[in-house]
Amino acid sequence: MDDKRTLLEIADKVAIVTLNAPERRNAIDRAMVDALHADLSRLETVPDLAAVVITGAGDKAFAAGADIAQLKERTARDAAAAINSTLFKRVEEFPLPVIAAVRGFCLGGGCELAIACDLRIAGHSAKFGQPEVTLGIIPAAGGTYRLPRLIGLGRARELVYTGRILDATEAERIGLVNRVVADAEVLDAAVALAREIAHNGALAVRAAKAAMNALARPNEALALTLESSLQAVLFDSADKHARMQAFLDKKQKKS
Ligand code: COA
């Protein structure tokens, strides 16, 4: 595996951050979380940057969720540390628009990352879902808070309770993504959108994001704390361990 969990390019006011573990469907492990924090810290210092695009390496996934082997070992203490939640909150709070360019699987923490972004462009191959309950946990990196606000409470409940996976057309229909394009055009479409934003007043775009963030998030701190607290209980449950072990056993049988 390439050691670099993310790749970062910056050209003409637009940064592209690529989640880089394609052979593991860009599953988000601790090293990737750290790499993304480092990228955001660097991007905060780039003068004249107008927008950021986040995408996944390879054509199979944006990100198939948090790393299940690591999740299985996480305890109540880790839930309280809110490892992924803190990162996704930072993405949401990033002063410039962040656009997710999604091909393939966008599940669990991958979907939570995509919905923490300002905008989402999907390829026809994109598949979205919050399958956490199938693993005995909940989408606790902001998913239970952000998803209902994006697609409505009824639809969010159905997705979160069933763990069902939606294709790109359905995701567009319910407002989970802004636009669906051919897979080969996803990154170009996201960069074109970033460039369209880059033509506008830099201060005005920042102000618009800050205003929409502030006004659209009642009780966010309380909601995120509640999510982490509930996850803390689930992280130590026998059901979670059994379900995650079943995923890992399936993988061992394959090899
Ligand atoms: N965590 C850790 N490893 C993961 C992973 C995850 N979330 N998602 C995929 N991988 C790994 C697989 O274990 C496999 O590893 P291996 O090659 O060492 O066996 C590799 O990525 C490829 O995955 P595979 O399942 O063979 O690919 P696929 O194309 O048949 O299926 C998925 C893709 C995404 C449907 C399937 O990998 C999956 O269900 N992943 C878990 C999704 C999930 O529940 N995410 C929420 C976590 S909270």
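The model is predicted. A search of the whole structure finds 18 salt bridges, and six residues, among them Glu93 and Arg217, are linked in a network of such bridges. Strand 7 is largely enclosed by the rest of the structure. The largest pocket has a volume of about 980 Å³.

**Strand 7 and its partners**

- Strand 7 spans residues 119–123. Four of these five residues are buried, so the strand is largely enclosed by the rest of the structure.
- Strand 5 (residues 98–102) runs parallel to strand 7. Four bridges join the two.
- Strand 10 (residues 179–181) also pairs with strand 7 in the parallel sense, over three bridges.
- Ile121 of strand 7 has a bridge partner in each of these strands. Ala101 is bridged to Ile121, and in strand 10 the partner of Ile121 is Arg179.

**Arg74, a buried charge**

- Arg74 sits in the loop between helix 2 (68–73) and helix 3 (76–81).
- Arg74 is buried yet has no salt bridge. The nearest side chain of opposite charge is Asp78, 5.3 Å away. A salt bridge needs the nitrogen and the carboxyl oxygen within 4 Å.
- Beyond its neighbours within four places in sequence, Arg74 is in contact with Arg30, Ile83, Asn84, Phe235 and Lys240.

**The salt-bridge network around Glu93**

- Lys89, Glu92, Glu93, Arg146, Arg217 and Glu220 are linked in a network of salt bridges.
- Lys89 forms a salt bridge with Glu93. The closest N and O atoms are 3.0 Å apart.
- Lys89 and Glu93 are four residues apart in helix 4 (residues 83–93), so about one helical turn separates them.
- Lys89 counts as partly exposed, at 22% relative accessibility. Glu93 is also partly exposed, at 38%.
- Glu93 forms a salt bridge with Arg217 as well, with the closest N and O atoms 2.7 Å apart.
- The Arg217 and Glu93 pair links distant parts of the chain, 124 residues apart. Arg217 lies in the loop between helix 10 (202–215) and helix 11 (220–235), while Glu93 lies in helix 4.
- Arg217 has a relative accessible area of 14%, so it counts as buried. The cut-off for buried is under 20%.

- Glu170 and Arg173 meet through their side chains in a salt bridge, at 3.0 Å from N to O.
- These two residues are three apart in helix 8 (residues 168–173), so about one helical turn separates them.
- Glu170 is partly exposed, with 27% relative accessibility. Arg173 is exposed, at 55%.

**The largest pocket**

- The largest pocket has a volume of about 980 Å³. It is lined by 41 residues.
- Closest to the centre of this pocket are Ala64, Gly65, Ala66, Asp67 and Ile68.
- Several elements give two or more residues to the lining: helix 2, helix 3, helix 4, strand 6 (105–107), helix 5 (109–116), helix 11 and helix 12 (238–254).
- Helix 12 gives the largest share of the lining, with five residues.
- Helix 4 contributes to the pocket lining, and Lys89 and Glu93 both belong to helix 4.

Notes. Residues numbered from 1 in each chain as written. Predicted model: local features only at pLDDT ≥ 70, side-chain atom pairs only at ≥ 80, totals over all residues. Heavy atoms only, no water. Buried < 20%, exposed > 50% of the residue type's maximum accessible area, 1.4 Å probe, protein only. Pairing = 2+ DSSP bridges. Lys, Arg positive; Asp, Glu negative; His and termini not counted. Contact = heavy atoms within 4.5 Å. 1 Å grid on protein atoms, 1.4 Å probe; cavity = no way out; pocket = protein on both sides within 12 Å on 5 of 7 lines; lining within 4 Å. Points joined across faces, edges and corners; volume = space filled by probe spheres on them.
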